[in-house]
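Please have the sequence beside you as we go.

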Amino acid sequence: MKAIKTTVAAAALVMGSGIASQAIAGPVLDGVKSKGYVQCGVSDGLPGFSYTDDEGTYRGLDVDVCRAVAAAVLGDATKVRFSPLTAKERFTALQSGEVDMLSRNTTWTSSRDTGMGLTFTGVSYYDGQGFLVNKSLGVASAKELDGASFCIQAGTTTELNLTDYFRSNGMSYTPITYDKSDETAKGLEAGRCDALTSDMSQLYAQRTKLGNPDDYIVLPEVISKEPLGPAVRQGDIEWFNIVRWALFAQLNAEELGITSENVEEMAKSSTSPDVRRLLGVEGEFSKDLNLEPNWAVNIIKQVGNYGEMFERNVGQGSELKIARGLNALWNAGGIQYAPPVR
């Protein structure tokens, strides 16, 4: 605790003086460098976001967010160890220091961001809550689900959103809760509930696990805002900045046309000031983060820009084939946006 307070106090002094200074090493960064890997909390099996393939290798968008941080800090995106966590376990694991960061389809809310000792660093996926039903139920809208039973994962924002939606529309429902997201899908398939409600991304992922996916449809209603993103413990501003800017680097790279294939050539030949600053060719932003000048090059080369990461895991190059939608860049019809490196 003393180390955390010292780091915060030092950072406040630097900001208060108005004098630019190299970032002071914080306890999490020191710990990561000492042990040689990032310990990252992820979901316990969600296709497209965090799951293990047939060889036991972790894959997914949330997994790649962790790998981007490892590439930035350690120069190697493989230097990550993953802790699969249920919704109930995730916050305790981060608060206790069991994990260095949480990248687990977690919604950024006011209470979580201010009252739980953790801080969200950005939005890796804009989502919203929806409904999955068997076509045999014969409904085409959530407004037709009055009196229905719902399979819900415990420890999430899902039930509160559902309660608000049904209350606003003068309807009632019966909740059937499970600890794991896989269990909710099994409950729906077994007929223990009429509908499954969760983030739209989870609905598409869970549908792929059902015996007959084509028998199920996702209803059109989206009833909530679910900005999903990585979180860190409060009190270590340096680690917060690193995790935040690892994601921002990927977003800026996509906007600037920098990919895993051309990043090294862009670093050598580009005359664009924005590209040169992001890739560490000019300026001293890396010093502010206590990282090597090529930190962003390592991320983009080894993990890809945001668009590459999205398409590979949940987009058209994946089994889920989710459209970019809100997750398109701000200049391509979406709302994904990163501050410039300047």
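Predicted model: local features only at pLDDT ≥ 70, side-chain atom pairs only at ≥ 80, totals over all residues.

Let me begin where the two domains meet: 17 residues of domain 1 are in contact with 17 residues of domain 2. The chain is divided into domain 1, which takes in residues 27-124 together with 229-327, and domain 2, which covers 128-224. The C-alpha centres of domain 1 and domain 2 lie 30 Å apart, and between them the two domains bury about 1,300 Å², with 57% of that on carbon and sulfur atoms. On the domain 1 side, the residues that lose the most area to domain 2 are Leu46, Pro47 and Lys88, which together account for 28% of what that side buries.

Turning to the nonpolar cores, the largest has 62 residues, and the members that touch the most others are Val69, Met101, Trp239, Ile258, Leu279 and Trp295. Helix 9, residues 237-256, supplies the largest share of this core, with eleven residues. If we take Val69 and leave aside its neighbours within four places in sequence, we find Val69 in contact with Val38, Met101, Trp239, Ile242, Val243 and Ala246. There is also a second, separate core of 16 residues, and among its members are Tyr165, Met171, Ala195 and Ile223.

Now to the sheet, in which five strands are arranged in the order 10-9-11-8-12, forming an open sheet with mixed pairing. Why is one side of strand 10 and of strand 12 left without a neighbour in the sheet? Strand 10 (173-178) and strand 12 (216-218) stand at the edges and each has a single partner strand, so one side of each has no neighbour there. On average, neighbouring strands of this sheet are turned by 30 degrees against each other, direction ignored.

Within the sheet, strand 8 (residues 129-134) and strand 11 (residues 195-199) run antiparallel and are joined by five bridges, and Leu132 stands opposite Leu196 in strand 11. Helix 6, residues 158-168, packs on the sheet and touches strands 8, 9, 10 and 11, its direction making about 175 degrees with that of strand 10. Helix 7, residues 181-189, lies across strands 8, 9, 10, 11 and 12, and runs at about 155 degrees to strand 9.

That is where I will stop, and I am happy to go back to any part of it.

Technical notes
Residues numbered from 1 in each chain as written. Heavy atoms only, no water. Core = buried A, V, L, I, M, F, W, Y, C linked by side-chain atoms within 4.5 Å. Buried < 20%, exposed > 50% of the residue type's maximum accessible area, 1.4 Å probe, protein only. Helix = DSSP H or I, 4+ residues; strand = E, 2+ residues; numbered from the N terminus. Contact = heavy atoms within 4.5 Å. Pairing = 2+ DSSP bridges. Axes fitted to C-alpha atoms, helices over the stretch in contact; angles between N-to-C directions. Domains from an automatic or database assignment. Buried area = accessible area lost by both parts, 1.4 Å probe.
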